[in-house]
Amino acid sequence: MEIFIDTLRYLSNYSPLILIVILFIRRRSHFLIIDQIIIAIVVLSFTTDITLKYLIEGRNYIYILIYILIETLLFLYFFYELLKKRGILVLIMLLFFLITFVLELFFKNPVYDLFTFSLTIRCLIFIILSLYYFYQIYTLEADIFKTEAPQFWYNVGILIYFSLAFFPFLLATEILIEVFDYTLWQVHNIGNIMKNLIFATGIWMVQKR
């Protein structure tokens, strides 16, 4: 079991390299802003994981918190570009997340505590936005195999990742338990691996636009 957990952790940390390799192969492709946002998210995730693993000792919740805030803004920017006619929905979600985050800030110390409730709400927000995109392409009958191919795969990756991450964070909130169970983190790692592989697929599909 320990070998399995270590393998998942390793794959989760280094799976972004697949996208980076594909990005090098597709470097002459025309990347839209939504592609650039996804690339930025993956690079940010990879550099943060490596930095926390090898360069920062002791408690690193404050660094994780900063990373989460930046990543959340990037994902919201992605959906703002993706759902151009529903930008107000994205802004409402941003406001909702910020309110949740600020409220939790009154009860927790960002240096010593993981903001599990805010992370749970964040997962729920991106599940809703990704499902709304699927509803939009269904109603508009968009051709997901041509012009929508990359963003379709990005959205699949987002939905899978936040759906799997939702349960570890939900079960870690003080509503259910008092201490974060790190064995649950393996579900998150599986989702992170799948997300990076699917994002890489989306980058590969950029040429089909």
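## Close-up views of a predicted model

**View 1. Helices H2 and H3 meet through side-by-side lists of residues.** In H2, the residues Pro16, Leu17, Leu19, Ile20 and Leu23 meet Ile39, Val42 and Phe46 of H3. Sorted by class, this contact has eight nonpolar, no polar and no charged residues. The model shown here and in the other views is predicted. H2 covers residues 16-25 and H3 covers residues 33-54. Their axes come within 10 Å and cross at roughly 135°. H2 and H3 are therefore oblique to each other. Their crossing is left-handed.

**View 2. Helix H1 crosses helix H8 at roughly 40°.** H1 spans residues 2-14, and H8 spans residues 185-204. The two axes come within 9 Å. The angle makes H1 oblique to H8. H1 passes H8 in a left-handed crossing. On the H1 side, the contact is made by Ile5, Leu8, Arg9, Leu11 and Ser12. On the H8 side, Gln186, Asn189, Ile190, Asn192, Ile193 and Asn196 take part. These residues divide into five nonpolar, five polar and one charged.

**View 3. Phe126 and Phe162 form a tilted aromatic pair.** The whole structure holds 17 aromatic pairs. In the pair of Phe126 and Phe162, the ring centres are 4.8 Å apart. The ring planes stand at 35°, so the pair counts as tilted. Phe126 lies in helix H6 (residues 116-140), whereas Phe162 lies in helix H7 (residues 149-172). The pair therefore ties together parts that are 36 residues apart in sequence. Are these two residues buried or exposed? Both Phe126 and Phe162 are buried.

**View 4. Phe126 and Phe162 belong to one aromatic cluster.** The cluster also includes Phe75, Phe78 and Phe79. Tyr154, Tyr161 and Phe199 complete the list.

**View 5. Asn155 sits buried in the model.** Where is Asn155 placed? Its place is in helix H7. The relative accessible area of Asn155 is 0%, so this residue counts as buried. Which residues does Asn155 contact, leaving aside its neighbours within four places in sequence? They are Phe79, Leu82, Ser130, Tyr133 and Phe134.

Notes:
Residues are numbered from 1 along each chain as its sequence is written. This is a predicted model: local features need pLDDT of at least 70, side-chain atom pairs count only at pLDDT 80 or more; totals for chains, interfaces and linings use all residues. Side-chain values use heavy atoms; hydrogens and water are left out. Axes are lines fitted to C-alpha atoms, for helices over the stretch in contact, and angles run from 0 to 180 degrees between N-to-C directions. Helices (H or I, at least four residues) and strands (E, at least two) are DSSP runs, numbered from the N terminus. Angles under 35 degrees count as roughly parallel, over 145 as roughly antiparallel, 65 to 115 as roughly perpendicular and the rest as oblique. A crossing is left-handed if the near helix is turned anticlockwise from the far one by less than a right angle, and right-handed if clockwise. Contact means heavy atoms within 4.5 Å. Ala, Val, Leu, Ile, Met, Phe, Trp, Tyr, Cys and Pro count as nonpolar, Asp, Glu, Lys and Arg as charged, and the others, Gly among them, as polar. Rings of Phe, Tyr and Trp (its six-membered ring) pair if their centres lie within 6.5 Å; planes under 30 degrees apart count as stacked, over 60 as edge-to-face and the rest as tilted. Buried means under 20% relative accessible area, exposed over 50%, partly exposed in between (1.4 Å probe, protein chains only).
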